[in-house]
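Please look through the sequence and the model shown here before reading on.

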Amino acid sequence: MSHKIIPIPPPAPDFAAVNRLIYGESSHSALNNSLDFRECLWAAEYPEVQKSCFLARVCEQKPPKRCLFYQVEPILQQGPTCGFVTISMLLNGASTADQLFQKAKAKGFTAMGEMFSAANLLDILQSQEGFSGKCQLFEGHLNCDEIRETLKSDACLIVPYDSDVNHSPCLRKGHKAHWALVVGYLIDDKDQFYVIARQGKSRLLGIWLLSDLAESNANLTEFSQPKQYPEADFILPEGGIAGPWGLCRRSIVIQGGTFAEQFRF
């Protein structure tokens, strides 16, 4: 009688460690120590990219056709200052989120750090001394050829969107409005276009479908009083967040102005 030898599968990753990292209960070193990566090996020389692709289940076995991003250092926000944190990250900390907040407060754009106007956030970015980049307001749906070609030309984006519990885009009609700095893109073997992003509630890179970010940006139509600030009086633009001075279908395109090194694949 012959016996078939069944190979022993490799040990599964410690998904508890992954969940702790996703939800902010652990550090980068915890993931390094707990997971033995056998996926996303194309990015092995760049552990941060490898980790984020692993968590997003992107290009696990096959490398991307193209990947580029600026290695911008993460900055965690204090209070509802996510918009100012995106600018501070873009400028490599040359202006802190608090300094940007104080300038915006003096202009009447914000009360506690909230920014519900893409045009006003653009104003703050353009007013920064020493900023050499070119920036403009984009109005429209982000999932388009213009934005894809803009990202391919090494541009960055600052985008308002609804943030889910893991900080990825979701659809909550603006009730979870947040800001992200798009620092690059990835095209997988099936030609799906992803953005690579930073935001102020996690040190992890976000890797999201451009279509998901676009839908989230386009669904920002209602303001909801944050539960952690039940008595706060936030400043909303004329017409609300869905109006021409608001967030819906609005983002900021930046060409140049960041000195961060690039990762290219």
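This is a predicted model: local features need pLDDT of at least 70, side-chain atom pairs count only at pLDDT 80 or more; totals for chains, interfaces and linings use all residues.

## Ser216 in helix H8

Helix H8, which covers residues 210–218, is the place of Ser216. Ser216 counts as buried, because its relative accessibility is 0% and the limit for a buried residue is under 20%. Once neighbours within four places in sequence are set aside, Ser216 is in contact with Tyr161 and Asp162 as well as with Pro169, Cys170 and Leu171.

## The nonpolar cores

In the largest nonpolar core there are 52 residues, and those with the most contacts inside it are Trp42, Leu125, Ile158, Leu186 and Ile254. Helix H4, made up of residues 82–90, gives this core its largest share, which is six residues. Apart from this core lies another one of 22 residues, which includes Ala155, Val159, Tyr161 and Leu213. As a general background, nonpolar side chains tend to be buried together in soluble globular proteins.

What does Ile158 touch, not counting residues up to four places away in sequence? The residues touched by Ile158 are Thr86, Ile87, Leu121, Leu125, Trp179, Ala180, Leu181, Ser251, Ile252 and Ile254.

## Helices H4 and H6

The axes of H4 and of helix H6, which consists of residues 118–126, come within 11 Å of each other and cross at roughly 35°, and the crossing in which H4 passes H6 is right-handed. On the side of H4 the contact is made by Gly83, Phe84, Thr86, Ile87 and Leu90, while H6 contributes Leu121, Ile124 and Leu125. Sorted by class, the residues in this contact are six nonpolar and two polar, with no charged residues.

## Two residues with positive phi

Most residues other than glycine have a negative phi. Cys40, however, has a phi near 55°, which is a positive value in a residue other than glycine, and Asn92, also not a glycine, has a positive phi of about 60°.

Cys40 is found in the loop between helix H2 (28–34) and helix H3 (47–56), whereas Asn92 lies in the loop between H4 and helix H5 (97–106). Are these two residues buried or exposed? Cys40 is buried, because its relative accessible area is 0%, whereas Asn92 counts as exposed, because its relative accessibility is 61% and the limit for exposed residues is over 50%.

## Cysteines and the chain as a whole

The structure holds zero disulfides. Among its cysteines, Cys135 is buried with a relative accessible area of 15%, and Cys248 is buried with a relative accessible area of 10%.

The secondary structure of the chain comes to eight helices and nine strands. Of the 265 residues in the chain, 50% are buried. Among the contacts in the chain that have a separation of 6 or more, 62% are accounted for by residues 24 or more positions apart.

How values were computed: Residues are numbered from 1 along each chain as its sequence is written. Side-chain values use heavy atoms; hydrogens and water are left out. A nonpolar core is a set of buried Ala, Val, Leu, Ile, Met, Phe, Trp, Tyr and Cys residues joined through side-chain atoms within 4.5 Å. Buried means under 20% relative accessible area, exposed over 50%, partly exposed in between (1.4 Å probe, protein chains only). Helices (H or I, at least four residues) and strands (E, at least two) are DSSP runs, numbered from the N terminus. Contact means heavy atoms within 4.5 Å. Axes are lines fitted to C-alpha atoms, for helices over the stretch in contact, and angles run from 0 to 180 degrees between N-to-C directions. A crossing is left-handed if the near helix is turned anticlockwise from the far one by less than a right angle, and right-handed if clockwise. Ala, Val, Leu, Ile, Met, Phe, Trp, Tyr, Cys and Pro count as nonpolar, Asp, Glu, Lys and Arg as charged, and the others, Gly among them, as polar. A disulfide is a pair of cysteine sulfur atoms within 2.5 Å.
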